Amino acid sequence: MKKKVLFIDRDGTLVVEPPVDYQLDSLEKLEFYPKVMRNLWLIRSRLDFEFVMVTNQDGLGTASFPEETFWPAHNLMLKTLAGEGIVFDDICIDRSMPADNAPTRKPRTGMLVKYLDNPDYDLAHSFVIGDRPTDVELAKNLGCRAIFLQEDPSVLSACEGLEAVCALATTDWDKVAEFLIAGERKAVLRRTTHETDIRVSLNLDGHGICHIHTGLGFFDHMLEQIGKHGGIDLDIEADGDWEVDEHHTIEDTALVLGECIYQALGSKRGMERYGYAVTMDDCLCQVCLDFGGRPWLVWDAEFHREKIGEMPTEMFLHFFKSLSDAARMNLNIRAEGQNEHHKIEGIFKAMARALKMAVKRDMYHLELPSSKGVL
Ligand SMILES: [Mg+2]
């Protein structure tokens, strides 16, 4: 079997990067990145990645960064990690300065030639883990993907091709381990009929980033609630038969969204399965759901206006029925209150929170949440 590698940055990834001079040159400055040890151990014990440390240490061995100030902290870091079962198969340290433009300096691959074009290694399924755009660039140059230890991946858009290789952006090592061990939960679907053309892409473990264009402003606003309050990245483009009415667009969007949720859930191992939420304004909205593998809808919400925005209120029930069918989930929705806009917005928000609760995974117990053994 081909070998896979985690190319792991050091400063800002394994250890906290010292502020001001960015130089880890004393024991006092040695501070491990939160949760790094238990998760690297978990990854090491569950998966078969080789661990390769790749780090730029500007001017190491010169007057600006003498060797004797570097090694004590570095060696203590390695010894501490080894004591937790975390050992590196290779350690690559570049000592050049940025202005040298050395071929060995990240994001260049000069220190890693033995992994490039080597049939023993599967770089396409390997990752670089690091906290700077140059780490993501290294991933691109190696032909692998990146785990970017930053909360906001938008800085990557400044450099072409970096967003595409960034598989995950997070500052939480628990999320890194979850991603590597339990797998990503994304789905992309397109459904084209004579009535509609719907494209949906979704990441259940996203940041609530939405790009939604259905041609129906109020519907967009409601779908955004699902993404934003569910922590789900959601892109939806819908073209429908507007010369007829909005019915097919709303229904088919629900079907594709539901199917995307179903596909992204994958094995369902480790997930909570159930979700429940209540929101209040003048309205009390409640959505209970179960990803038990079967569709069902209980709908107890009355609307007296014919439309909200351009959206017919009779389509709300139809939307959730189609969603429940396609995602194979039970939905029990109840709402009461005066303001009809609040009421439906509360339902979508409660839906988002219920989804967020239900898809949450427990990394340490990746069993199927079912006594039957199937979901
Ligand atoms: Mg770094």
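# Close-up views of a predicted model

Buried residues account for 49% of the 375 residues in the protein. The model is predicted. Its secondary structure amounts to 9 helices and 16 strands, and the C-alpha trace spans about 75 × 45 × 45 Å along its principal axes. Of the contacts with a separation of 6 or more, 70% are between residues 24 or more positions apart.

**View 1. The sheet of 6 strands is open and has parallel pairing.** The strand order is β3-β2-β1-β4-β5-β6. The edges are taken by β3 (90–94) and β6 (166–169); each has a single partner strand, so one side of each has no neighbour in the sheet. From one strand to the next, the twist averages 20 degrees. Within this sheet, β1 (residues 4–8) pairs with β4 (residues 127–130) in the parallel sense, over 3 bridges. Leu6 has Phe127 as its bridge partner in β4.

**View 2. The magnesium ion is coordinated by three aspartates, Asp9, Asp11 and Asp131.** Asp9 and Asp131 contribute OD atoms, whereas Asp11 contributes O, at 2.1 Å. Along the chain, the donors of the magnesium ion follow the spacing D-x1-D-x119-D. Both Asp9 and Asp11 are buried.

**View 3. The sheet of 4 strands is open and has mixed pairing.** Its strands are arranged in the order β7-β8-β10-β9. The edge strands, β7 (186–192) and β9 (210–213), each pair on one side only. The twist in this sheet averages 5 degrees from one strand to the next. Strands β8 (residues 196–203) and β10 (residues 233–240) run antiparallel and are joined by 8 bridges. Arg199 is paired with Glu237, its bridge partner in β10.

**View 4. Helices α6 and α7 meet in a right-handed crossing.** Their axes come within 12 Å and cross at roughly 15 degrees. Angles under 35 degrees count as roughly parallel, and α6 and α7 are therefore roughly parallel to each other. On the α6 side, the contact is made by Phe219, Leu223 and Ile226. On the α7 side, the residues are Thr249, Ile250, Thr253 and Leu257.

**View 5. Gly206 lies in the loop between β8 and β9.** Its relative accessibility is 17%. Because buried means under 20% relative accessible area, Gly206 counts as buried. With neighbours within four places in sequence left aside, Gly206 is in contact with Gly231 and Asp233. Gly206 and Asp233 are 27 residues apart in sequence, and their C-alpha atoms are 4.9 Å apart in space. Asp233 belongs to the range of β10 (residues 233–240).

**View 6. Pro369 is located in the segment after α9 (340–359).** Pro369 has a relative accessible area of 24% and is partly exposed. Not counting residues up to four places away in sequence, Pro369 touches Lys268, Met271, Arg273 and Leu375. One of these, Arg273, is 96 residues from Pro369 along the chain, and the C-alpha atoms of the two are separated by 6.7 Å.

Terms used. Residues numbered from 1 in each chain as written. Predicted model: local features only at pLDDT ≥ 70, side-chain atom pairs only at ≥ 80, totals over all residues. Heavy atoms only, no water. Pairing = 2+ DSSP bridges. Helix = DSSP H or I, 4+ residues; strand = E, 2+ residues; numbered from the N terminus. Axes fitted to C-alpha atoms, helices over the stretch in contact; angles between N-to-C directions. Donors = N, O, S within 2.8 Å, 3.2 Å for Na, K, Ca; no water. Buried < 20%, exposed > 50% of the residue type's maximum accessible area, 1.4 Å probe, protein only. Parallel < 35°, antiparallel > 145°, perpendicular 65-115°, else oblique. Left-handed = near helix turned anticlockwise from the far one by under 90°. Contact = heavy atoms within 4.5 Å.
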